[in-house]
Amino acid sequence: MKEIDCIESSVVKVAMETVLRILEKWGCDQQQVQAVLKLPENYSDLDFEQVSFSREQVERVSYILNIHASLSTLFSNPENVYGFMNMVNINKPFNGTRPIDFICNSETEKFKILFVHINQLIKR
């Protein structure tokens, strides 16, 4: 995965704004966005260029961008690209949960597991 320079605030700002749009299109509510990105309740009021994000937050942003890119490669229709994360999935590693629930309130390792899972589907 490409390393994002955490010091470059304009890069992080653009990435964060893009990820917020992706999460909205995935159908995430405010609590899910907060959990996935480890943001405070008032995140919509933040000036992302003035915020110092942790490495974990930047890593999560990177995973979401890459997961979205992989979903766009895997599926040709927007309903699946944006709906996949909220669809109940009986396959491992989800075991009857939704992928968005799999990564909410979880370790960043779950993002990697989800990313690898989607990429394995592409290779089939």
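Tutor: Happy to! In H6, the buried residues are Phe 111, Leu 114, Phe 115, His 117, Ile 118 and Asn 119. Buried means under 20% relative accessible area, exposed over 50%, and partly exposed in between, using a 1.4 Å probe and protein chains only. Helices (H or I, at least four residues) are DSSP runs, numbered from the N terminus. This is a predicted model, so local features need pLDDT of at least 70 and side-chain atom pairs count only at pLDDT 80 or more, while totals for chains, interfaces and linings use all residues. Residues are numbered from 1 along each chain as its sequence is written, and side-chain values use heavy atoms, with hydrogens and water left out.

Student: What covers the buried residues of H6?

Tutor: The cover includes H2, H3 and H5. Contact here means heavy atoms within 4.5 Å.

Student: And how many residues does H6 have?

Tutor: H6 has 15 residues, and its first and last C-alpha atoms are 21 Å apart, close to the 21 Å expected at 1.5 Å a residue. The expected span is 1.5 Å times one less than the number of residues.

Student: What about H3, what span should its residues give?

Tutor: H3 covers residues 55-74, and its 20 residues should span 28 Å at 1.5 Å a residue; the end C-alpha atoms are 28 Å apart, so the two agree.

Student: Which residues of H3 are buried?

Tutor: They are Gln 57, Val 58, Arg 60, Val 61, Ser 62, Tyr 63, Ile 64, Ile 67, His 68, Ser 70 and Leu 71. Their cover includes helix H1 (9-25), helix H2 (30-37), helix H4 (78-83), helix H5 (99-103) and helix H6 (109-123).

Student: Let's take H1 and H3. At what angle do the axes cross?

Tutor: At roughly 55°, and the axes come within 10 Å. That makes H1 oblique to H3. Axes are lines fitted to C-alpha atoms, for helices over the stretch in contact, and angles run from 0 to 180 degrees between N-to-C directions. Under 35 degrees counts as roughly parallel, over 145 as roughly antiparallel, 65 to 115 as roughly perpendicular, and the rest as oblique.

Student: Is the crossing of H1 and H3 left-handed or right-handed?

Tutor: The crossing of H1 and H3 is left-handed. Left-handed means the near helix is turned anticlockwise from the far one by less than a right angle, and right-handed means clockwise.

Student: Which residues make that contact?

Tutor: H1 brings Val 12, Ala 15, Met 16, Thr 18, Val 19, Ile 22 and Leu 23, and H3 brings Val 58, Val 61, Ile 64, Leu 65 and His 68. By class, the contact of H1 with H3 has ten nonpolar, two polar and no charged residues. Ala, Val, Leu, Ile, Met, Phe, Trp, Tyr, Cys and Pro count as nonpolar, Asp, Glu, Lys and Arg as charged, and the others, Gly among them, as polar.

Student: How do H1 and H2 cross?

Tutor: Their axes come within 11 Å and cross at roughly 135°. That makes H1 oblique to H2, and the crossing is right-handed. Met 16, Val 19, Leu 20 and Leu 23 of H1 meet Val 33, Val 36 and Leu 37 of H2. The residues of this contact divide into seven nonpolar, no polar and no charged.

Student: And H2 with H3, which residues meet?

Tutor: Ala 35, Val 36 and Leu 37 in H2 meet Gln 57, Arg 60, Val 61 and Ile 64 in H3. By class, there are five nonpolar, one polar and one charged residues in the contact of H2 with H3.

Student: Changing topic: where is Lys 38, and what is its phi?

Tutor: Lys 38 sits in the loop between H2 and H3. Its phi is near 55°, a positive value in a residue other than glycine. Lys 38 is partly exposed, with a relative accessible area of 44%.

Student: What about Asn 95?

Tutor: Asn 95 is not a glycine either, yet has a positive phi of about 50°. Asn 95 is found in the loop between H4 and H5 and counts as exposed at 53% relative accessibility.

Student: Last one: which peptide bond is cis?

Tutor: The bond from Lys 92 to Pro 93 is cis, with omega near 10°. Pro 93 is in the loop between H4 and H5.

Terms used: Helices (H or I, at least four residues) and strands (E, at least two) are DSSP runs, numbered from the N terminus.
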